[in-house]
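Dear colleague,

I am handing over the structure below and would be glad if you could look through it alongside the notes that follow.

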Amino acid sequence: MAAELVEAKNMVMSFRVSDLQMLLGFVGRSKSGLKHELVTRALQLVQFDCSPELFKKIKELYETRYAKKSVEPSPQVPRPLDPLALHSMPRTPLSGPTVDYPVMYGKYLNGLGRLPTKTLKPEVRLVKLPFFNMLDELLKPTELVPQSTEKLQESPCIFALTPRQVEMIRNSRELQPGVKAVQVVLRICYSDTSCPQEDQYPPNIAVKVNHSYCSVPGYYPSNKPGVEPKRPCRPINLTHLMYLSSATNRITVTWGNYGKYLMLQPLCPQSYSVALYLVRQLTSSDLLQRLKTIGVKHPELCKALVKEKLRLDPDSEIATTGVRVSLICPLVKMRLSVPCRAETCAHLQCFDAVFYLQMNEKKPTWMCPVCDKPAAYDQLIIDGLLSKILSECEDADEIEFLAEGSWRPIRAEKEPSCSPQGPILVLGTSDANGLPPASSTPGVGGSLGSALGGVGSGAGAVGGLENGKPGADVVDLTLDSSSSSEDDDEEEEDEEDDDEGPRPKRRCPFQKGLVPAC
């Protein structure tokens, strides 16, 4: 295996840009970028996700590039045969297993019942899922062909696991109680060979494993009127219902045969294909650790990108001298910890890789929260320059990149104080001149003490007159609760009277000029 990896890497290093783009497009990876970026991406693909199909494609591109013949013995065809000459050639039966058998390895009993033994040509390919690392292909994508005109169709599949695969499942760690990391999953997609297909369920799907039905993700509720609810189409885990032994397992897929799908049109867009894979499910922590290992962009490269963004354009009348970048994640409105963005994004603003991976683990959308464009996991990079800035600038939430590649923090201006600027008025007793009395205790405490002392000495008049001069407002603290409650009752009665109408004026019981004796 190590020799094959070294050989594949040497082949990739000799590829041209067109060869690298064809290789990356074959596995559904991004084909944009400079040559050294494509080479790095292809080498990472060979290092971590090298499969027999990928190695075969690399070898095919290498042989096409250098016009070399394969080392393995194969029938030599010096030039294309004339189609008319094919009728005169003797037909001899082929010996050994056929290449079109829907299993990559022998010793399996895989295959959908009453379905064609040959797979589609060209084959249906499914998109690679970041949270699932494929270990083995148990059943290649095989089309679901209706056998009658009934609306509900059934397609059975019988297969068995090898002892090595059973051991891998049993020895794998548990992601949660009852859920192993190594799983047997069922994937369903459209039978479209133009590009890698995403998971898509047919209508009325039901999956039965041996004698039990397997749960299928349900629909998301829709609060908008007139909008149909959406169903998250993901790989279906069958491991907990399978026989983890050499016994055969039977899977039955029930699906609805609706719409424009006709038996005479097996290749129409509404047809579906199913596939079985042995995978290892990863967590957001696993993807984050891998991203930190192979996805960190050097600070100098990030600095060069900043200069490129702020380069003076002679054809433009507007000169950009700086660009502001927030240190707050747009997803959770918290300070960035692992600044991340996609290579395909045109902005410098980053989001937090930790929360981005956690959100896509729950509901995979892989859309950039800044520009709302696709940001797949394979296109993510960690900004080394912004990571360095976060460690150096801890008292600012925003920075500005300058044209020469430097940066400066932007700190928020302090808000004006709301405390009063004028003198503080103190309530208390006043002397004959209407001024507050002198107190031995300076400040507000002394004035309040004088006021309370005046109240205790019998000053009970509130807002009255003293020696013909207006006095200060005094609160009588000697009144008990009963008197205060009575006053409240009187105030309530007065309010009720006011509601009923204007009260009549009270007449003084004394004659004018007479004062009652004390």
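**Aromatic residues**

Phe351 and Tyr356 are both buried, where buried means under 20% relative accessible area, exposed over 50% and partly exposed in between, with a 1.4 Å probe and protein chains only. The rings of these two residues have their centres 4.7 Å apart and their planes at 45°, so the pair is tilted; rings of Phe, Tyr and Trp (its six-membered ring) pair if their centres lie within 6.5 Å, and planes under 30 degrees apart count as stacked, over 60 as edge-to-face and the rest as tilted.

Please keep in mind that this is a predicted model, in which local features need pLDDT of at least 70 and side-chain atom pairs count only at pLDDT 80 or more, while totals for chains, interfaces and linings use all residues. Residues are numbered from 1 along each chain as its sequence is written, and side-chain values use heavy atoms, with hydrogens and water left out.

The rings of Trp366 and Tyr377 have their centres 6.3 Å apart and their planes at 65°, so that pair is edge-to-face. Trp366 counts as buried because its relative accessibility is 13%, and Tyr377 counts as buried at 7%. Ring pairs link Phe131, Phe351, Tyr356, Trp366 and Tyr377 into a cluster.

Strand E13 covers residues 339-342; helices (H or I, at least four residues) and strands (E, at least two) are DSSP runs, numbered from the N terminus. Both faces of E13 are covered, with Pro339 and Arg341 buried on one side and Cys340 and Ala342 buried on the other. E13 pairs in the antiparallel sense with strand E14 (residues 351-352) over 2 bridges, two strands being paired if DSSP finds at least two bridges between them. Asp352 in E14 is the bridge partner of Pro339. E13 also runs antiparallel to strand E15 (residues 380-383), to which 3 bridges join it, and there Leu380 is the bridge partner of Ala342.

**The second largest pocket**

A pocket is an open set of points on a 1 Å grid over the protein atoms alone, where a 1.4 Å probe fits, with protein on both sides within 12 Å along at least five of seven lines, and lining residues have an atom within 4 Å of a point. The second largest pocket is lined by 18 residues, of which Lys297, Ala342, Glu343, Thr344 and Cys345 lie nearest its centre. Helix H3 (35-49), helix H7 (299-309) and E13 each supply at least two residues of this lining.

With kind regards
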